[in-house]
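Me: I have a chain open here and want to go through it. Can you take some quick questions?

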Amino acid sequence: MSEQQNPTRTRRGWPDIVAGLSLASVNIPQVLGYTRIAAMPAVTGLYTVLLPLVAFAAFGSSRHLVVAADSATAAIFSSAIGKMAPAGSPHYMALVSMTALLCAALLLVARVFRLGFLADFLSRTVLTGFLAGVGVQVCIAMLHDMLGVSVSAHNPLLQAYDTLRQLPQASLVVAGLSAFTVGVLMIGQRLAPHLPAGLCVVIGSIALSMGLNLPHHGVPTLGHVAGGLPHFGLPGASWNELLSLLPVAASCVFVIIAQSAATSRVFGERFHETVDENRDLLGLSAANIAAGLSGTFTVNGSPTQTAMAVRSGARSQIAQVTFACVTLMVLLFLTRPLEALPRCVLAGIVFTVAIGMIDLKSLRAIRQESPGEFWLAMTTAAVVVGIGVEEGIFLAIALSLFRHVRHSYEPHTMVLQQAAGTGILEALPAKNGLETVPGLIVFRFCADLFYANATRFRQDLLALVDHAPHPVRCVVLDASPVTDIDYSAAADLRDLIAQLQQRGITLMFGRVSVYLRSDMDRHHITPALGADNIYPELHTALKAAHDILGGPAPSVRLS
């Protein structure tokens with residue numbers, strides 16, 4: 001087996017190099033566009049795909065994950081740091097690089113404590129809504145550059161208002177060039193996704209700018225782009241600024257963990273490869289250390305760039321290292337032509353990337369399958385657009401956890417009732433007035449019992465007893481969905497058993513798992529019957545119940 005694999009591994013290097021060249025041709029214009037979101041100099045976008053790529057390739061686990069600038073994290077720190085220092089100023093750049101180092105430290109802490117599982121606390125639903133909100137926010141942020149107008153507001157809604165208000169002053173040349181850029185990129189993505197449409201647009205717009213002297217016609221360009229290698233050093237920030245940057249870095253880290261883990265999982269499963277999420281955390285930490293020390297901004301595992309790499313034929317990190325080598329060549333020899341790149345073209349590139357973040361297909365699928373989750377996703381998106389990205393990511397986490405807790409707090413409850421004429425038990429949604437047979441209620445509570453839902457369990461069961469058509473003499477709990485019971489719930493359950501005993505009602509437990517049995521024994525929860533009848537199977541419990549009531553036991557069919 002190994003002898004057959006070795007030639008394959010030997011031949012794999014060249015396709016990965018070709019894939020890296022293709023990846024660079026597509027993504028270099030894209031990372032330049034991300035600098036517009038990050039409010040950083042254009043050259044810092046190139047720095048994100050230089051040393052960080054190599055650092056992750058050295059320390060990470062995933063063979064496919066591309067670590068580079070990302071629109072979501074760029075939107076998070078730019079919206080927060082823009083309130084602390086003027087965008088693009090040396091102080092602003094220092095705070096941005098310090099944020100990358102703080103992200104690296106938090107990712108390293110997450111690796112030490114093996115916190116890769118935190119990615120599971122961001123549900124796919126709210127993550128879809130979060131990314132859609134970021135996409136809308138970035139689209140709005142790019143509009144003023146695409147129209148050739150200036151805005152001063154930071155809030156996306158106020159930016160949209162300012163842009164609309166200044167529409168009469170928009171430059172037709174700038175707007176036309178932006179529309180042409182977006183049109184070419186979207187058509188190219190649909191008709192020829194493998195072709196580097198972004199690179200063609202960048203080269204064409206640079207040639208047009210140089211040939212027609214577009215700045216003379218009122219088309220702003222990037223201007224001076226520093227060439228050469230980045231300057232290494234520790235960015236300066238005061239203690240108070242560090243404290244202010246911590247929640248910003250924490251927000252970025254949640255996005256980094258969620259997006260990177262989800263992306264590496266998807267492509268690992270596609271190629272039947274095992275991914276070590278905790279080792280990826282170490283790789284992401286190393287990548288952000290490289291970013292912070294080289295004067296650029298936070299990097300992340302990018303779903304879009306990883307997909308581009310895989311489509312290009314990349315099957316290992318050799319492709320990403322090749323990408324970094326191409327970036328080095330650009331920094332050393334090709335930054336001068338970039339100075340003529342029109343800003344509206346760069347904004348148009350980012351605009352198309354942002355549109356791609358709004359996954360309408362997934363949102364429609366969520367709406368069809370789970371309307372409640374759809375509104376959670378839309379709420380997250382609305383908060384991102386209306387309030388901020390940082391608040392949106394925390395809301396996404398809170399909503400994910402809230403939805404899970406809500407299902408546990410308000411679980412489905414059922415009463416097993418005899419079907420007419422058959423004597424077979426069928427599960428019906430629990431409501432007052434239902435009983436299994438006269439004098440007997442078989443109750444199913446579809447969640448673990450813990451401190452938050454113990455009172456609800458007790459109230460629901462007593463309500464069924466109080467409103468039963470006939471006096472209840474026995475209650476059987478079908479405990480198959482219950483696998484755990486905590487101290488508070490156990491105390492409430494003991495009180496409930498005693499209360500039912502005082503009313504002459506026997507409580508029995510059917511289909512108790514080994515885990516629940518252990519908890520009940522530890523908490524000294526003993527039903528009213530003797531030891532021989534504790535925790536029986538459901539049919540045994542029903543037979544024992546009917547021995548109390550008199551008459552034959554019904555047949556059992558669980559549903």
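Me: How does the end-to-end distance of H11 compare with the span its 17 residues should have?
Reply: The two agree: the end C-alpha atoms of H11 are 24 Å apart, and 24 Å is what 17 residues should span at 1.5 Å a residue. The expected span is 1.5 Å times one less than the number of residues. Helices here are DSSP runs of H or I with at least four residues, strands are E runs of at least two, and both are numbered from the N terminus.

Me: Before going on, what should I know about the model and the numbering?
Reply: This is a predicted model, where local features need pLDDT of at least 70, side-chain atom pairs count only at pLDDT 80 or more, and totals for chains, interfaces and linings use all residues. Residues are numbered from 1 along each chain as its sequence is written, and side-chain values use heavy atoms, with hydrogens and water left out.

Me: Back to H11. Why call it largely enclosed?
Reply: Because twelve of its 17 residues are buried. Buried means under 20% relative accessible area, exposed over 50%, partly exposed in between (1.4 Å probe, protein chains only). Among the buried ones are Asn278, Asp280, Leu284 and Asn288.

Me: What caps the N-terminal end of H11?
Reply: Aspartate 276 does. One of its side-chain oxygens lies 3.2 Å from the backbone nitrogen of asparagine 278.

Me: And what follows H11?
Reply: Glycine 295, with a positive phi near 80°. Threonine 296 is in the loop between H11 (277–293) and strand S2 (300–301).

Me: Is threonine 296 buried or exposed?
Reply: Buried, because its relative accessible area is 0%. A polar atom of its side chain lies 2.7 Å from the backbone oxygen of threonine 44. Leaving out residues up to four places away in sequence, threonine 296 touches Thr44, Tyr47, Thr48, Val96, Ser97, Ala100 and Ala291. Contact means heavy atoms within 4.5 Å.

Me: Switching to aspartate 16. Where is it?
Reply: In helix H1, residues 2–38. Aspartate 16 is buried, with a relative accessible area of 0%.

Me: Which side chain does aspartate 16 join through a polar contact?
Reply: That of serine 316, at 2.7 Å. A polar contact is a pair of N or O atoms within 3.5 Å; within protein, one must be able to donate a hydrogen and the other to accept it, and residues adjacent in sequence count only if both atoms are side-chain atoms. The backbone nitrogen of arginine 315 also lies 2.6 Å from a polar atom of the aspartate 16 side chain. Beyond four places in sequence, aspartate 16 is in contact with residues including Gly313, Ile318 and Thr322.

Me: Now the surface. Which residues make the nonpolar patch?
Reply: Phe59, Leu108, Val109, Val112, Phe113 and Leu282, over about 560 Å². Patch residues have over 30% relative accessible area and no salt bridge; like charges are joined within 9 Å, nonpolar side chains (Val, Leu, Ile, Met, Phe, Trp, Tyr) within 5 Å. A salt bridge is a side-chain nitrogen of Lys or Arg within 4 Å of a carboxyl oxygen of Asp or Glu. Areas come from the Shrake-Rupley method with a 1.4 Å probe; for residues, only the protein chains shown count as cover.

Me: Which helix gives the largest share of the patch?
Reply: H5 (residues 90–112), with three residues. Leucine 108 is in H5 and is partly exposed, at 38% relative accessible area.

Me: Last one: how many helices and strands are there?
Reply: The protein chain has 22 helices and seven strands. Of its 559 residues, 51% are buried.
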